[in-house]
Amino acid sequence: MDEHRVKTIPLFAGLSRKECRVLAPRADEIDLDEGKTLVREGEWAYEFFAIEEGTVEVRRGDQLLAELGVGDFFGEMGLMADTRRNATVTATSPVKVVVMTAQAFRQTAREHPEVAQKITVAIEERCRALEPTG
């Protein structure tokens, strides 16, 4: 992945140019067709996704939890802990996503802990923002 494209992903917006350069070779861009399932509820989580183009829906069982689009991300818990997916995510249009595996994130954390820490903080902030209030 190109380092300049890394910076366009909201989750990575706080990274410096040098940090984007570190992260770029550890992430991949993939294109998927409408109807493609990206992750399945109950399966082990091994990667994280950020949406560059298109839309997806997030379901737990038959319940629609969310519709996500450009700038949104999911699967972040796969980077943070060994856990199973808590929802199924399916493309509702053709999508382009950036994918980072947990292994690539752990390697980044070992070699460049400051980069991994910034990503972790951004994920934690997002999780807090999604928590119900009151």
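**Pocket and sheets of a predicted model**

Student: Which element gives the largest share of the lining of the largest pocket?

Tutor: E5 does, with 3 residues of the lining. Such elements are DSSP runs numbered from the N terminus: helices (H or I, at least four residues) and strands (E, at least two). The model is predicted, so local features need pLDDT of at least 70 and side-chain atom pairs pLDDT 80 or more, while totals for chains, interfaces and linings use all residues. Residues are numbered from 1 along each chain as its sequence is written, and side-chain values use heavy atoms, without hydrogens or water.

Student: What volume does the largest pocket have?

Tutor: Its volume is about 500 Å³. Of the 21 lining residues, Val58, Phe74, Glu76, Asn86 and Ala87 are the closest to the centre of the pocket. Two or more lining residues come from each of strand E4 (56–60), strand E5 (63–68), strand E6 (73–74), helix H3 (77–80) and helix H5 (113–130). A pocket is an open set of points on a 1 Å grid over the protein atoms alone, where a 1.4 Å probe fits and protein lies on both sides within 12 Å along at least five of seven lines; lining residues have an atom within 4 Å of a point. Points are joined across faces, edges and corners, and the volume is the space filled by probe spheres set on them.

Student: How many residues of that lining are nonpolar, polar and charged?

Tutor: The lining holds 12 nonpolar, 4 polar and 5 charged residues. Asp, Glu, Lys and Arg count as charged, Ala, Val, Leu, Ile, Met, Phe, Trp, Tyr, Cys and Pro as nonpolar, and the others, Gly among them, as polar.

Student: Turning to the sheets, in what order do E2, E4, E5 and E7 stand?

Tutor: They form an open, antiparallel sheet in the order E2-E7-E4-E5. Strands pair if DSSP finds at least two bridges between them. E4 is joined to strand E7 (residues 88–91) by 4 bridges, and valine 56 stands opposite alanine 91 in E7.

Student: And in what order do E1, E3, E6 and E8 stand?

Tutor: Those 4 strands make an open sheet with the order E1-E8-E3-E6 and antiparallel pairing. Strand E1 (28–32) and E6 are its edge strands. Strand E3 (residues 47–53) pairs with E6 over 2 bridges and with E8 over 6 bridges. Phenylalanine 49 stands opposite phenylalanine 74 in E6, while glutamate 47 stands opposite threonine 101 in E8.

Student: Is glutamate 19 buried or exposed?

Tutor: Glutamate 19 counts as buried because its relative accessibility is 9%. Buried means under 20% relative accessible area, exposed over 50%, and partly exposed in between (1.4 Å probe, protein chains only). Glutamate 19 is found in helix H2 (residues 17–23).

Student: Which residues is glutamate 19 in contact with, leaving aside neighbours within four places in sequence?

Tutor: Glutamate 19 contacts Gly14, Glu114, Val115 and Lys118, where contact means heavy atoms within 4.5 Å.
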